[in-house]
Amino acid sequence: MLLYFIIIPTVLFLVFGLFSYWQELKYRNKPFYKLSDVGWRKCLPKPEARLVHSIAFMGDVGYVATDGTDPVMRLLGEWQQTTGPEGSVLFLGDNLYPVGMPAETHRHYPAAKERMDFLLQQMGAYGGRKIFLSGNHDWNKGRKKGLEYMLRQEKYVVDTLQDENSYLPRHGCPGPEAIQLAEGLQLVIINTQWWVQRGEKPMGPSQGCAYDDIEEFFLRLNQILRRNRHQRIVVAAHHPLYSNALHGGKFTVKQHIFPLTAAHKRFYIPLPIFGSLYPFYRQLFGAYEDMSHRKYRKMRKRLLRIFHQYSNIVYVAGHDHNLQHFEVRDNHYIVSGSGSKTSFVKKGGKATFTLEQRGFFVLNYYDTGELWIEALAVTEAEDVSIPGAVVFRKELGPVLQPKEQTQQV
């Protein structure tokens, strides 16, 4: 009986799982394109279009190499030279792994300072706009003293760049912060970590925030979107609202068979069936950084309720370490989180494009009113002088007539 009900099913599950894992490894670095976007290489802006503004979205750069050899930073450097001052670089949070910028006596401080100095050195030489956002790792992985860690990083960035708007929203407040990048193109920055943070988080004028009630955030965000519904709006944050990856509740067969690799990538100890308990828990209840967690879920629901009233929004986030694009109800949702490492991303579903490869998204706005996104990824070519290439390009549709507004936010 034991043979039939336990051993044989376990062996079959393990064999099937290993075969599926082999399939994942075989295709993991190959991009997925929605059928309608397979011919994206033939799609280009109009010949007469002149670039007005370009934005590079650098997500989760906390582990970039600081010796000048990092391929993503070299790719960003090429983009900076090509774009010039008519551009903006947005760091979408998790700028420093593993715990942001701790006190000088902390064992992680020297590495954090070295990495931040490297980033700021490259940004200091750039003539365009540069803005840092904060993510869960910058807030001490969402734990106690997270606000202290984030404020230390904020001060370091602002003091070094001598720019009060180089770290937004300020003081760890939720936002929203609106910046007019060009005529017809507005940037809105929000601090999504505020909603999922477990320790202290600021609120009220005494802590540098503009309001005492978080409901005021949603009212102000809706007001900004309504006032500017005639132009393109880019909303930048750390946490995605759509994702085919870990924080969106998507797991690989590997994580079901070898669950201990979540603790260390070399712990390949097969635990079939029992290993599925951890992924199922993350899918149903979630860690604090997962969409399925109640705090994250509540924030996401409120934001989407507002965004679904409009048709001119591009929401860009990091958090998951891959490149993804979704088009939902006339708005676009992008994950650009593979600045320094990669992780599994599921193909298909609601996504139009996914890729598990290091790189970042760029948004280009032209004087013709066209708005295009490009995904730049590190190339695997032997010629190291070629740091990367465009792996996806898509024009984002025109701004539609405003949808009927509702009072509920």
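**Close-up 1. Cover over helix α4.** Among the elements covering the buried residues of α4 are α3 (109–124) and β4 (129–132). Buried means under 20% relative accessible area with a 1.4 Å probe, protein chains only. The model is predicted: local features need pLDDT of at least 70, side-chain atom pairs count only at pLDDT 80 or more, and totals for chains, interfaces and linings use all residues. Residues are numbered from 1 along each chain as its sequence is written, and side-chain values use heavy atoms, leaving out hydrogens and water. The buried set of α4 includes Gly146, Leu147, Tyr149 and Met150. Helices (H or I, at least four residues) and strands (E, at least two) are DSSP runs, numbered from the N terminus.

**Close-up 2. Length and end of α4.** Helix α4 has 16 residues (146–161) and should span 22 Å at 1.5 Å a residue; its end C-alpha atoms lie 23 Å apart, which agrees. The expected span is 1.5 Å times one less than the number of residues. Just after α4, glutamine 162 has a positive phi of about 55°.

Close-up 3. Two strands pair if DSSP finds at least two bridges between them.

**Close-up 4. The β2–β12 pair.** Strands β2 (residues 51–58) and β12 (residues 359–366) run antiparallel, joined by six bridges. Serine 54 sits opposite asparagine 364 in β12.

Key. Buried means under 20% relative accessible area, exposed over 50%, partly exposed in between (1.4 Å probe, protein chains only). Contact means heavy atoms within 4.5 Å.
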